Amino acid sequence: MELLKRLLAEEDGQGLVEYTLIVVLVALVFWVAIKNTNVGSQLASGWSKVTACVGAADSCTSTS
């Protein structure tokens with residue numbers, strides 16, 4: 001019972017909890033904002049181009 005009272009009274013982890021909630025809120029807002037767009041497919045396409053250029057640098061141009 002004493003442990004429970006001490007846990008309720010201490011505020012050492014309060015900052016960590018607040019920062020975690022802020023990060024979750026920002027991630028949720030970001031996800032909702034891009035949910036119905038094609039940003040994800042554009043990022044995937046761009047990343048596959050980067051990976052292809054790293055694998056075969058001689059076949060890459062600045063416009064590809």
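Trainee: Why is Cys53 called partly exposed?
Mentor: Cys53 has a relative accessible area of 25%, and the term buried is kept for values under 20%, exposed for values over 50%, and partly exposed for those in between, with a 1.4 Å probe and protein chains only; Cys53 is therefore partly exposed. This is a predicted model, in which local features need pLDDT of at least 70 and side-chain atom pairs count only at pLDDT 80 or more, while totals for chains, interfaces and linings use all residues. Residues are numbered from 1 along each chain as its sequence is written, and side-chain values use heavy atoms, with hydrogens and water left out.

Trainee: What makes Ser45 and Leu4 partly exposed?
Mentor: Ser45 has 32% relative accessibility and Leu4 has 48%, so Ser45 counts as partly exposed, and Leu4 also counts as partly exposed.

Trainee: Which helices hold Cys53, Ser45 and Leu4?
Mentor: Cys53 is placed in helix H3, which covers residues 39–55, and Ser45 lies in helix H3 as well, whereas Leu4 belongs to helix H1, residues 2–9. Helices are DSSP runs of H or I with at least four residues, strands are runs of E with at least two, and both are numbered from the N terminus. The chain has three helices and zero strands, in the pattern α-α-α along the sequence.

Trainee: How do you know that the chain is more spread out than a compact globule?
Mentor: The radius of gyration, taken over C-alpha atoms, is set against a globule rule of 2.2 Å times the number of residues to the power 0.38. For 64 residues that rule gives 11 Å, and the chain, at 23 Å, is well over it, so the chain is more spread out than a compact globule. Its C-alpha atoms fill a box of roughly 70 × 30 × 15 Å along the principal axes.

Trainee: What share of the 64 residues in the chain is buried?
Mentor: Buried residues make up 0% of the chain.

Trainee: How far apart in space are Cys53 and Asn38, and how far apart are Ser45 and Ala57?
Mentor: From C-alpha to C-alpha, Cys53 and Asn38 are 23 Å apart in space and 15 residues apart in sequence, while Ser45 and Ala57 are 17 Å apart in space and twelve residues apart in sequence.
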